[in-house]
Amino acid sequence: MTIWLNILRRKLKDYKTLLLMSIFPIMLTIIFVKMFTVTNNVDGAITLSVHVQQQEGVLTRAVSSFMEQLSHEESIQLELVQEEEAALVIQIDETMQVISVVNQSGDMIEESTLISILEQFASRYGLQVKMQVLQEEAIVIEETIIQGKGTSDFLTPLVVTMLVFGIMLGGSFGINQIFYMKQAVGWRALTAPISSYKLFIMEYTTSSFIIWIMGIVTAACYQVIFNVHFFKVPTITILILLIASLLTTLLGMTIGLYVREKDMGENILSIIITFSAILSGKLMPMFELGKITNLSPIKPLVEQLEDIIQTGQLMNRGSFIGYIVIIFVILLGIVVLKLRRGEESL
């Protein structure tokens, strides 16, 4: 316990990294939001009265949760009412995975506004939005299939991406850990009455713990500043942030093992973080990057956090777990093999 507390105190002295992880992503997010707010504001003069027909199913719960969240945002002015009072009724076919919107008022402005709101949902999950317009004398059906060229809600993916961006900055703890062991003080630590692997594990878990706590604090700040509800399901959000912290520290350690200078390792980490954020396709809502976004290693983390915020559940947990296992095994394998071969003077 004494060794762990000493490690914790030493790492907490690295206030530059702690400030970079917490303040820099928030300031950068504010800048991005200011840039994109003008082109993404919904006309506040429009008030939508909407009813979501309820039935058992994951898609229905996801849409209901999504619409409930929007009803609390000032810019949307969306009211969830009973079906007979609604201008627009959302119907969901769980079997065909199709969302239908019935326009009971015939107001095309309201109709187009709701389409733009639902576009992000359809785009995320590859669904179809089918519009049906009801008139008084006869039923006229007009169908519009929306494939979605991007998300109209730019704020949530932007904030989530910047949160993951900030957590990845904590990878410098992993780099510092490797170079600490290369220094004379590190050699003395390795001669302590504890195995070198246990010492590495304590260093690793302490770094991950600090990054994890900073991630939770930053997410809480984002929730207060931008009203993005990271903690709709607290346990899952905290678990995802823990996973991101563990992977980030491993990434930093991997980089540290293969570079000769700490500054070089931190530069490489910065390049990886920056390209990962850009390739995720979430920082620039006006550009559609297509399949190239699959090259971003942080995309699965961002999408899972988005699911929690927008629907209150994980929509693709199987593929996410597989991604985590593969990345973790690869990074851990690289670190362990490198240490065992003794190719670094640790």
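Gln-91 lies in strand β3, which spans residues 88–93, strands being DSSP runs of E of at least two residues and helices runs of H or I of at least four, numbered from the N terminus. In this predicted model, local features need pLDDT of at least 70 and side-chain atom pairs count only at pLDDT 80 or more, whereas totals for chains, interfaces and linings use all residues. Residues are numbered from 1 along each chain as its sequence is written, and side-chain values use heavy atoms, with hydrogens and water left out.

With a relative accessible area of 26%, Gln-91 is partly exposed, a class between buried (under 20%) and exposed (over 50%), for a 1.4 Å probe and protein chains only. Residues up to four places away in sequence aside, Gln-91 touches Gln-53, Val-98, Ile-99, Ser-100 and Val-102, contact meaning heavy atoms within 4.5 Å. Between Gln-91 and Val-52, 39 residues apart in sequence, the C-alpha to C-alpha separation is 6.5 Å.

Of the 346 residues of the protein, 47% count as buried, and the secondary structure comprises twelve helices and six strands. Among contacts in the protein with a separation of 6 or more, 73% involve residues 24 or more positions apart.

In helix α5 (residues 155–169), Thr-156, Pro-157, Val-160, Thr-161, Leu-163 and Val-164 meet Leu-301, Val-302, Leu-305, Glu-306, Ile-309 and Gln-310 in α11. By class, this contact of α5 with α11 has eight nonpolar, three polar and one charged residues, where Ala, Val, Leu, Ile, Met, Phe, Trp, Tyr, Cys and Pro count as nonpolar, Asp, Glu, Lys and Arg as charged, and the others, Gly among them, as polar.

Definitions and conventions:
Axes fitted to C-alpha atoms, helices over the stretch in contact; angles between N-to-C directions.
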